[in-house]
Amino acid sequence: MDLNACPDEESEWILAQAVANDANFIGEIGYDKISQFSLQKLELTEIDNPNGCVKLQGSFEGDGYGISQPDWALYAVIRFKGFKEDFNDGEFYRQLLVESYQLRSKGDHRVSYFLAYAALEGFINRKLNSESESGRLSEKGRDLFRRSFPASDLVKHQIYSNVVNDFNNVLTSTRNDIAHGRLVEVNANQSRHMLLVALLFVSSVSFQAETFADIFRKDNSPV
């Protein structure tokens with residue numbers, strides 16, 4: 001079964017209207033409710049961005065009753081996660097965060113971990129203009145937070161106080177092991193932990209957020 005034919009505009013409009021009226025439309029009437037019919041080994045073969053089309057290839061199993069291929073078509077609700085690619089030179093840390101996320105989703109937790117740490121290091125150095133200066137990243141991070149929140153006590157800064165100990169005592173040690181070529185195992189929880197810490201550091205400074213709730217303010221804009 002080759003599902004490389006994109007639906008025509010009329011079909012797309014009809015489906016869009018149906019889903020707009022009832023978000024459960026496809027799930028309620030789809031073949032997934034029929035045990036005699038199942039899709040097998042679906043693979044994504046192409047994403048046609050200009051035409052807004054996703055092309056799949058695979059096979060189906062069924063009892064043959066009422067599912068002759070010319071009589072039906074396959075539709076699905078697909079949720080995409082997209083990332084901006086045209087970062088400028090000063091935003092290289094963002095590209096590293098994107099690649100860390102992508103590698104983690106593919107199961108490459110060690111490299112994902114390393115890139116998330118590198119992204120955080122790049123962000124701190126960029127903000128402090130300290131790329132050529134030596135010094136512990138933990139000290140640079142503390143300096144950045146003091147400059148970003150001059151009127152705040154970092155002990156009471158919810159985001160900083162909650163992530164700094166893990167960063168200094170656990171995450172940096174694992175990063176150093178990877179960088180020095182030691183054979184360390186990094187699991188999904190560890191790569192998630194490192195990525196979240198990097199994102200929290202970046203978000204806190206960028207959005208002037210002292211609490212976790214501050215990050216999700218609707219009026220947030222980077223500073």
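Which residue takes a positive phi just after α7? Q208 does, at about 50°. The views below come from a predicted model.

**View 1**
Helix α7 covers residues 188–206. Its 19 residues reach 27 Å from the first C-alpha to the last, close to the 27 Å expected at 1.5 Å a residue. At the start of α7, a side-chain oxygen of N187 comes to within 3.1 Å of the backbone nitrogen of N189. Just after α7, Q208 has its positive phi of about 50°.

**View 2. The buried residues of α7 and the helices around them.**
S191, M194, L195, V197 and A198 are among the buried residues of α7.

**View 3. H157 in the loop between α5 and α6.**
H157 sits in the loop that links α5 and α6. H157 counts as buried because its relative accessible area is 0%, under the 20% cut-off. A polar atom of the H157 side chain lies 3.1 Å from the backbone nitrogen of Y160. Beyond its neighbours within four places in sequence, H157 touches F145, F149, S204, A209 and E210.

**View 4. The crossing of α4 and α6.**
Helix α4 (residues 109–128) packs on helix α6 (residues 158–179) at an angle of about 115°. Their axes are 10 Å apart. The crossing is left-handed. From α4, the contact draws on R110, Y113, F114, Y117, L120 and E121. From α6 come F167, V170, L171, T172, T174, R175, I178 and A179. By type, the contact residues are nine nonpolar, two polar and three charged.

**View 5. T174 on helix α6.**
T174 lies in α6 and is one of the residues in contact with α4. T174 is buried because its relative accessible area, 14%, is under 20%. Leaving aside neighbours within four places in sequence, T174 contacts Y113 and V186. Y113 belongs to the α4 side of the crossing.

**View 6. Q102 on helix α3.**
Q102 lies in helix α3 (residues 92–105). Is Q102 buried, partly exposed or exposed? Its relative accessibility is 36%, so Q102 counts as partly exposed. The C-alpha atoms of Q102 and S112 are 7.9 Å apart, and the two residues are 10 residues apart along the chain.

Definitions and conventions: Residues numbered from 1 in each chain as written. Predicted model: local features only at pLDDT ≥ 70, side-chain atom pairs only at ≥ 80, totals over all residues. Heavy atoms only, no water. Axes fitted to C-alpha atoms, helices over the stretch in contact; angles between N-to-C directions. Helix = DSSP H or I, 4+ residues; strand = E, 2+ residues; numbered from the N terminus. Left-handed = near helix turned anticlockwise from the far one by under 90°. Contact = heavy atoms within 4.5 Å. Nonpolar A, V, L, I, M, F, W, Y, C, P; charged D, E, K, R; others polar. Buried < 20%, exposed > 50% of the residue type's maximum accessible area, 1.4 Å probe, protein only. Expected span 1.5 Å × (residues − 1). Polar contact = N/O pair within 3.5 Å; in protein donor to acceptor, adjacent residues only side chain to side chain.
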